[in-house]
Amino acid sequence: VARGGIFRARLGVKKDERRGKGFLEFQMQKPARSKGANDCGFGIADCGFDFRQTTNPKSEIQNRKAHLLRACFRNKCRSPHDSRGRVRQQTTTLLRAGALVNKNRPYCVRASAFFNRFIFKMFLKIFKHELRRLWRDYTAGIAALLIFAAALAAAYNGAHAFRAQAAAQANILAEENESFEKMKRDAQAIEAGEKKAPPFGNPLKASSLKLFYPRTAALPPSGFAFASVGQTDVYPSFYKVSGRHREAFVGTQEMENPLNLLIGRFDLAFVVVYLLPLFIFAVSYNLLAGERESGTLRLLLAQGVKVRSLLFGKLAARAVVLLAPLFLAAVLATAFFGGADVWLKFALFAAAVVLYAAFWFGIAALVNLYGSASATNAAALAAIWIALVLIVPTLVHLTATAARPVPSRLELIAASRDAQVRARRPVELLENYYAKHPERRPAGKDLRVYDFPFYYAAIQREIDRQIAPEVERYDRALEAQQDFVQTAGVLSPALLAQEIFNDLAGTGFNRYQAFYRQTLEFYNAHVEFYEAKSFSDTPLQSADYDRMPRFAFREETTGELAARRLAIFAAHDFNRRRRFSNLA
Amino acid sequence: LTAATVLQILIPLVIILLAFAAFAGERESGTLRQVLSVGASRPQLAVGKILGVSLALGLILVPAAILGAAALSLSSETASFAANLSRFALLVAVYLVYFAIFLTVSLFVSAVAPSSRFALIVLLAFWSVNLILPRVAADAGKAFYPTPSALEFRAAVARDMREGIDGHNPYDARGEELKQKLLRQYNVKTIEELPVNFEGVALQESEEYGNLVYERRYGDLWTAYENQNRLHTLAGIFAPLAAVRAVSMSLAGSDWQHHRHFAESAEQYRRMLVKRMNDEVTYNSHSRDYEKNVRGRELYEQIPDFRYQPPAPAFAVGSQILAFGLLGAWLAAGFFALGWALKKMSVEAKDF
């Protein structure tokens, strides 16, 4: 008998033929003073030796048993009961016993509570029974069917939205391409002398082309877009870039029914972020409370089942019931609606869903362990859901708008109007331009003679120059606000999950901002190309048509995306640097 | 997190949590039998439960309503105060109806549910349907009444301008037609001989054609929006939240109909302004004198400022008849169901 309490360890032997290893089974019995049925514990220590290598297994086992016992008692093993006679956490005691043996013996005794074979078997048993039970009372069937249908409908809905968008984009780009090709053919015809150059909109004159030839920069929906509609309704997926000043396209906005914006969309992200927790709560609000209320919990625990294996077995059964149909629907949707290279994104999506679900299962388990009635549990879970899914995200957005305000678009428009008024001195502007680019100055051109394309272009560039700081200030402010939201996202798993889904679907702020930045680059290239030709008054050639800048969105790779997401958890500054380096 | 979120989403949840055990809980603890055996009638019991929950809610809501009325009287001008006050009173009434719906439904479920746990789960499911269904309705609306993206919309407007509405009357042909018409009208041979400035006439003509195009395109778009909104309101058949949201936004003057009202009066003002400017060019100058006599500041000073006259409260009510009807139907159904359940309610708890 160890000091300070009663400790009896009955050591049995279990054979496992497959692994050929021995096990020593502990049983700790309750002291006479303690009350309660579950005050006894089981444990198994893996002795780590191989029966097949010993000539006399039986004596070998006896030998080890004696070692273990001696080790336990000699090393002043603490009583498994505290001073009031309650059992200490059995696992702690077992681990300690295992460690003691480990220290004193050449062979290894492992008594890990979690991967313990006995506990694992019990876990499996509970898991199987739970599945059967859920199936019998139709809960599993109904929940699985509902979540499968919701996920599939949501994915279809998302895919539908983006199919329409992609079709509209393709239409408009094709139309634009057609008119471009026509202009190129005209240019060739004029060069060949088959056609006369028109006085207005001459396809061989860069100065007229630049003005009248706007190009569309379009952001194609990503292959995984169906998973989350995200900010698609808010940010434009195209810009019409022309020779006009920047503000003319920067201010582009998407059109949407404001009520739809208020309510939000029914997409896969909504099913996961909003509905999955509700489903989880619906099936697990009475995990332990239900058993306690019907009196079965006491019986179960009296048989030596650990609360831990009971809880994990039940949770695992429910996780399978909810996540299997969800993933089935998601796999089907990805196979049908997904674009190229979509499976890596799907894997990241699945990982995020599992983590998100694990969080809510954890909350459900925690609430259950508090030991309230199941009705109280349900109310508490509903309150937690409201706080984390509805209230915290709204508060984060409100704080973001207060702490990192973005100047009004109207200010930007007003600034560009002012700039327009100030810029009406084309002769001076052109003089300045040629002072900087003397090689482009056309010989014998009198700048004071009114020449609309020249004057217009000069004025547009001056407006650009004047509003550049305003535009930059606006963009920086917007990015700072989004950074704030992303950092504060850690306050709510719902916000975090939504951000991740948006990123994977390519419908979040990051991709739209990258698109915007790339459009600005394209705009600069576009303007530079025509400016070089038109201000020097060199005629275009039909071959120049193939050299004209075209816009193609450079996609972030999935690896970069994952790294950026992970970086959000690292230093904030690192995240910021990384994002801008990606965009540049 | 607006007042609307609290009133539309959180308060119903509070009502559910206050009321789910009203009958089911008493039945489980056996007090229901006792209460009924001392002579309280079932309707009396129900009225008592309703009063109890209402009192608990009133502790929060009455001060909030008084604060709202005070804020209203401080913020609005005297001219619009009466209209605003009647809107506010209607809003209060609508929310009372909304809460009454949740209260009667909760008591109904509590009366018929086999256990309080079951009642709570059913009520929480009902509550979450109110959050989910409007989204489904919004997406169904987008599917049934598709709207163009901004890109398509712009392209369509540009096409109409260039090629004429329905592609019948292209831009160049319109200009030529106008020229011939004017020459005939004034019986002259060239536009320089016209007594009016051709530029001004052409500007106004193109403006009016543009108005036609925009009226048509925006008309289509706005009709689609209104159809989508109606579908959302119809979701109120199953989710009272959708109906109360429509009514509440309308009474607050922040819904689509009010926006449209504002946009249309602003457009009327713009048209008046543009026409005055174009007429000035047309009648005060000639095609050859480069708008020499056109007035500047003097003309602008004659133009009245834009003053928006917000619509009367009757407009808000009139545009949301459907939603009002749905709320009324829900209330009636709630009371009817509660009355029915009270008669059927068992006193003995069943093992469940």
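Reply: Helices (H or I, at least four residues) and strands (E, at least two) are DSSP runs, numbered from the N terminus. In this predicted model, local features need pLDDT of at least 70, side-chain atom pairs count only at pLDDT 80 or more, and totals for chains, interfaces and linings use all residues. Residues are numbered from 1 along each chain as its sequence is written, chains are lettered from A and ligands numbered from 1 in the order in which they are written, and side-chain values use heavy atoms, with hydrogens and water left out. As a case, E163(B) belongs to helix α7 (residues 150-163) of chain B.

Me: Is E163(B) buried, partly exposed or exposed?

Reply: Buried means under 20% relative accessible area, exposed over 50%, and partly exposed in between (1.4 Å probe, protein chains only). With a relative accessible area of 35%, E163(B) is partly exposed. From C-alpha to C-alpha, E163(B) lies 60 Å from S106(B) in space, while 57 residues separate them in sequence.

Me: At what angle do α13(A) and α17(A) pack?

Reply: Axes are lines fitted to C-alpha atoms, for helices over the stretch in contact (heavy atoms within 4.5 Å), and angles run from 0 to 180 degrees between N-to-C directions. Angles under 35 degrees count as roughly parallel, over 145 as roughly antiparallel, 65 to 115 as roughly perpendicular and the rest as oblique. Helix α13 (residues 374-403) and helix α17 (residues 493-505), both of chain A, pack at about 75° with axes 8 Å apart, and are therefore roughly perpendicular to each other.

Me: Which residues of α13(A) and α17(A) meet?

Reply: From α13(A), L388(A), V389(A), P393(A), V396(A) and H397(A) meet P493(A), A494(A) and L495(A) of α17(A).
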